[in-house]
Amino acid sequence: MILHDLPVDAPTKLRKQVPAQKSGRARSAGDFSHIFENGFHNVGAHPPPEHLRSQHAAWEDALERARRLPLRLNDASVGAEAWRRSLREMPLLPVASLEEDLQYLLRARMVLTSLLHFYVHSLPPSSPSSPVKIPAPLAVPLLVVSHALDFPPVLAYADTEYYNYTWDSEVGDASEAARLPFRVLHTYSGTTDEAHFYTVALRIEGEGVQALRRMHEMLQLSSNAPGAPGSSDLPALLRGLAASIRNMDSILQTMRDGCEPPAFYNDVRPWFVGCTAEGSWVFEVDDTPETLEAVSGSEWVVRAEDGRCCAREMPGSSAAQSSIIQALDVFLGIEELTHERNFELERKNKEAAAAGNFLTRMRKYIPLAHRLFLESLREQAQGLREHLLGLKDGQEAIDAYNAAIAALRQFRTTHVRIATLYIVNQARHVADKKEVVTGEMRKEDKAKGTGGTDLVPFLKGIRDRTDQGTLDR
Ligand code: HEM
């Protein structure tokens, strides 16, 4: 097995072989040609299966029943309580067979994280608030599957995007697949707003395939391989990359076409929230060797003195975990700017200071193969900016590079507007209503992202630091 055969999100058995290959030939960009060719959302040439095999039908059935109820946020209805009881009484299903087949392992991860967030967020708030106990039939397979994939046991962007779609038509080859319309498999709220929200992100990932292919071609410029582009192609390839980023921006702007801000804020976003100080979780576990390995080898859970298996704080799904946007920063060589720590902000927020840069932290919430890809991409693309500045007649290439930076800045400007409209303004409406009903004065507006960021200064900071990547000579 060589790294170049390592499929996206390789499970444990393959993962164990990766460190041995972290040097030499195996690190070449070509090792990740499947990502350059198909994008981050295509695991192989096809999306993950829509259903698990019969051995794990109980999980699929629980998910289907939750959707059919439908289960709501803070749901105290008889039906909701019966659903939660059925989860607690579900048999503890073995997961070993899943590890043999990556596609089914990914589907299992997506189903289990969906059940987790249905379970946690459908519970009516308890008073005084106590940690939510995640029942063993859900907790054990979730911990083992997440450990196998090197993922935290919480809903991530990959679960709501990369593993949550299919195509309706038969796919000829992967390059054709990149252009097909996506059909979302699972939503929490059952609304078209939620499906549209996922679809916009998936279409951005789909456009990302064009960006990745341009990057790949640029990395091959100096390879002298037969058929490889020559260095005179660099400006055109950079312009192609810029055009792709502009397309991503246009796609982002379609968010309003099918996702209403109040529906997003009130009915969709609360399902994404992970394990927080106010809403903590305890995993109920058994003591089989498989579970013990998953627990002891996990940085996401801690054993309390009384033996309880407590989850650490983990943000839920956030598009900050999108691999394509991280890849753009890495390739353009501006990662150090956008991932820079904001010491002014950190001085005000001690927790943020302890945790370090948010975007860097988010890397742990993206699939393993994507992380390895980003490391390899950094190595391959390093020196791009210096190379452009050193070119004898390099102005055309520099202009094209700056067009890509400007496009990424524009993407982030659109994104700040969207985050303001969908979160900050909605939080204000809710606070205004509360003020009218209770007469309570509104506190300073400090809307947080699902990742817990003070979102406007945070997002604007990244946008402005993108701009600092502009080359000047
Ligand atoms: C209604 C739509 C959206 C809202 C309200 C929104 C909101 C946010 C918030 C609050 C953050 C800060 C991190 C956190 O605390 O979670 C964030 C980060 C981020 N979001 Fe979005 N987002 C939306 C859609 C998207 C889409 C479709 C993408 C593209 C895939 C995207 C890409 C990003 C990226 C890359 C970051 C990290 C910051 C950066 O690199 O600029 N977002 N988003």
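Student: In which order do the 4 strands of the open sheet stand, and what kind of pairing do they show?
Tutor: This is a predicted model, in which strands (E, at least two residues) and helices (H or I, at least four residues) are DSSP runs numbered from the N terminus. Two strands pair if DSSP finds at least two bridges between them. On that basis the pairing in the open sheet of 4 strands is mixed, and the order is 1-4-6-5.

Student: What is the average twist from one strand to the next?
Tutor: Axes are lines fitted to C-alpha atoms (for helices, over the stretch in contact), and angles between N-to-C directions run from 0 to 180 degrees. From one strand to the next, the average twist is 35°.

Student: How should I read the residue numbers and the values in this model?
Tutor: Residues are numbered from 1 along each chain as its sequence is written, and side-chain values use heavy atoms, with hydrogens and water left out. Local features need a pLDDT of at least 70, whereas totals for chains, interfaces and linings use all residues, and side-chain atom pairs count only at pLDDT 80 or more.

Student: In which sense do strand 5 and strand 6 pair, parallel or antiparallel?
Tutor: Strands of a sheet pair through backbone hydrogen bonds, in either of two senses. Strand 5 meets strand 6 (residues 309-311) over 3 bridges, and Val302 stands opposite Cys310 in strand 6. The sense of pairing between strand 5 and strand 6 is antiparallel.

Student: How many disulfides are found in the whole structure?
Tutor: A disulfide is a pair of cysteine sulfur atoms within 2.5 Å. The search of the whole structure gives a count of 0.

Student: How far is the sulfur of Cys309 from the nearest cysteine sulfur?
Tutor: Cys309 is in no disulfide, and the nearest cysteine sulfur is that of Cys310. Cys309 is buried at 1% relative accessibility, and Cys310 is also buried, with 16%. The two sulfurs are too far apart for a bond, because the separation is 7.2 Å.

Student: Which residue is the protein donor of the iron atom of the ligand?
Tutor: Donors are N, O and S atoms within 2.8 Å of the metal (3.2 Å for Na, K and Ca), and since water is not among the atoms, sites may look incomplete. The only protein donor is an NE2 atom at 2.0 Å from the iron, and its residue is found in helix 21 (residues 395-438). That residue is His415.

Student: Which residue has its backbone nitrogen 2.7 Å from a polar atom of the side chain of Glu60?
Tutor: Glu60 is found in helix 3 (residues 57-68) and is buried, with a relative accessible area of 10%. Leaving aside residues up to four places away in sequence, Glu60 touches Glu50, His51, Leu52, Arg107 and Val111. The backbone nitrogen at 2.7 Å belongs to Leu52.

Student: How far apart are the C-alpha atoms of Ile325 and Phe411?
Tutor: Ile325 lies in helix 14 (residues 323-332) and counts as buried at 13% relative accessibility. Its contacts beyond four places in sequence are Met248, Phe411 and Arg412. Although Ile325 and Phe411 are 86 residues apart along the chain, their C-alpha atoms are separated by 10.0 Å.

Student: Is the peptide bond from Leu69 to Pro70 cis or trans?
Tutor: Pro70 lies in the loop between helix 3 and helix 4 (78-88). With omega near -10°, the peptide bond from Leu69 to Pro70 is cis.

Terms used: Buried < 20%, exposed > 50% of the residue type's maximum accessible area, 1.4 Å probe, protein only. Polar contact = N/O pair within 3.5 Å; in protein donor to acceptor, adjacent residues only side chain to side chain. Contact = heavy atoms within 4.5 Å.
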